[in-house]
Amino acid sequence: MTSTTITHHVVGQGGKYVANLEGETAHGTLEWEPGEERDGKEVRVVTHTTVPEEIGGRGVAAELVDQLVADARAKDFLIEPRCSYVEAKFKRNAEWSDLRA
């Protein structure tokens, strides 16, 4: 099984999660921008999740979303999924409902 390393990078006012797979040059990304604060919490609006074809089908997008959710729990922010993939993941994971902005 290929090892995946996910890092977070600040990009302007928002950020980007980057998934690097061992032995691969292509990488997946999940991008977010700041939203309106809600209930005293930061809101991260997820705009895009992108995984190139050459690393597709390996669960990279799911790992990116899982890292975002783990960070939301650890850092106490909310998520507004505007990306269709992230929206679908939220619909399949009712236990994340408390993180939805």
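## Strands and pairing

Two strands pair if DSSP finds at least two bridges between them. Strands (E, at least two residues) and helices (H or I, at least four) are DSSP runs, numbered from the N terminus. The model is predicted: local features need pLDDT of at least 70, side-chain atom pairs count only at pLDDT 80 or more, and totals for chains, interfaces and linings use all residues. Residues are numbered from 1 along each chain as its sequence is written, and side-chain values use heavy atoms, with hydrogens and water left out.

Pro34 stands opposite Arg44 in E4. E3 and E4 pair in the antiparallel sense, over six bridges. E4 and E5 run parallel and are joined by four bridges. Here Val45 stands opposite Glu80 in E5. Strand E1 (4-11) pairs with strand E2 (residues 14-21) in the antiparallel sense, over eight bridges. Val10 stands opposite Gly15 in E2.

## The sheet

The sheet is open and has five strands, in the order E1-E2-E3-E4-E5, with mixed pairing. E1 and E5 stand at the edges, each with a single partner strand, so one side of each is left without a neighbour in the sheet. Direction ignored, neighbouring strands are turned by 25 degrees against each other on average.

## Helices on the sheet

Axes are lines fitted to C-alpha atoms, for helices over the stretch in contact, and angles run from 0 to 180 degrees between N-to-C directions. Contact means heavy atoms within 4.5 Å. H1 lies across E1, E2, E3, E4 and E5. H1 runs at about 135 degrees to E2. H2 also packs on the sheet, touching E3, E4 and E5. The direction of H2 makes about 120 degrees with that of E5.

## Helix against helix

Two packed helices are described by the angle between their axes and the distance between the axes. Helix H1 (residues 60-75) and helix H2 (residues 84-92) pack at about 70 degrees, with their axes 11 Å apart. That makes H1 roughly perpendicular to H2 (65 to 115 degrees; under 35 is roughly parallel, over 145 roughly antiparallel, the rest oblique).

H1 contributes Ala61, Ala62, Val65 and Asp66 to the contact, and H2 contributes Tyr85, Val86 and Lys89. By class, the contact has five nonpolar, no polar and two charged residues. Ala, Val, Leu, Ile, Met, Phe, Trp, Tyr, Cys and Pro count as nonpolar, Asp, Glu, Lys and Arg as charged, and the others, Gly among them, as polar.

## Two sides of H2

Val86, Lys89 and Phe90 are buried in H2 (under 20% relative accessible area; exposed is over 50%, partly exposed in between, with a 1.4 Å probe and protein chains only). They cover an arc of only 100 degrees around the axis, which puts them on the same side of H2. The arc is that of the directions from the helix axis to the C-beta atoms.

The buried residues of H2 pack against strand E3 (27-34), strand E4 (43-50), H1 and strand E5 (78-81). The face turned away from the buried side of H2 carries the exposed residues Ser84, Lys91 and Arg92.

Thr29 is found in strand E3. Thr29 counts as buried, at 9% relative accessibility. Leaving out residues up to four places away in sequence, Thr29 touches Lys16, Tyr17, Val18, His48, Thr49, Thr50 and Leu64.

Gly12 has its place in the loop between E1 and E2. Gly12 counts as exposed, at 64% relative accessibility. Gly12 and Val43 are 31 residues apart in sequence and 15 Å apart in space, C-alpha to C-alpha.
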